[in-house]
Amino acid sequence: MATTDGYDWIEVESFIPSKLSGSHGKVHIRPVPGGPFPTHLRVECSKAMSRNYPVGTRFRIRAKLTDMQGTPFIYSSWQWKYEVLPQQR
């Protein structure tokens, strides 16, 4: 459910991008497949999520779609708490 400030709780996951994607760094965060956002969107959030958990970990974050210089991405403050979701089997 979206709040009046435009932020909503969404699920994201950590992954390692292909070298062809041109992404920097080792582990990135993306929206989960089947969620409200396409998986190709970049997610700006706490680095602890990609540093402190295994690749493939899913999280629940408070975020919104925004853009900077015309490039859409999902934003969640690095200071906000996030929920680590149980592993799917």
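Visitor: Leaving aside neighbours within four places in sequence, which residues is serine 46 in contact with?
Guide: Keep in mind that this is a predicted model: local features need pLDDT of at least 70, side-chain atom pairs count only at pLDDT 80 or more, and totals for chains, interfaces and linings use all residues. Residues are numbered from 1 along each chain as its sequence is written, and side-chain values use heavy atoms, with hydrogens and water left out. Serine 46 lies in the loop between β3 (43–44) and α1 (48–51). With contact meaning heavy atoms within 4.5 Å, its partners beyond those neighbours are Trp78 and Tyr82.

Visitor: Is serine 46 buried or exposed?
Guide: The cut-offs are under 20% relative accessible area for buried, over 50% for exposed and partly exposed in between (1.4 Å probe, protein chains only). Serine 46 comes in at 10%, so it's buried.

Visitor: How far is a polar atom of the serine 46 side chain from the backbone nitrogen of alanine 48?
Guide: A polar contact needs N or O atoms within 3.5 Å; within protein, one must be able to donate a hydrogen and the other to accept it, and residues adjacent in sequence count only if both atoms are side-chain atoms. For serine 46 and the backbone nitrogen of alanine 48, the distance is 3.2 Å.

Visitor: What pattern does the protein chain follow along its sequence?
Guide: Helices (H or I, at least four residues) and strands (E, at least two) are DSSP runs, numbered from the N terminus. The chain has 1 helix and 6 strands. In order, they read β-β-β-α-β-β-β.

Visitor: Are the rings of tyrosine 7 and tryptophan 80 stacked or edge-to-face?
Guide: Rings of Phe, Tyr and Trp (its six-membered ring) pair if their centres lie within 6.5 Å; planes under 30 degrees apart are stacked, over 60 edge-to-face and the rest tilted. The whole structure holds 4 such pairs. Here the centres are 5.0 Å apart and the planes sit at 80°, so the pair is edge-to-face.

Visitor: How many residues apart in sequence are the parts this pair ties together?
Guide: Tyrosine 7 is in the segment before β1 (8–15), while tryptophan 80 is in the loop between β5 (71–75) and β6 (83–84). So the pair links parts separated in sequence by 73 residues.

Visitor: Which residue has its charged end over the ring of tryptophan 80?
Guide: A charge sits over a ring if NZ of Lys or CZ of Arg is within 6 Å of the ring centre and within 35 degrees of the ring normal. Tryptophan 80 itself is partly exposed, at 29% relative accessible area. The charged end above its ring, 4.9 Å from the centre, belongs to arginine 62.

Visitor: What value is the phi of glutamine 69 near?
Guide: Most residues other than glycine have a negative phi. Glutamine 69, in the loop between β4 and β5, is exposed at 81% relative accessibility. Its phi is positive, near 55°.
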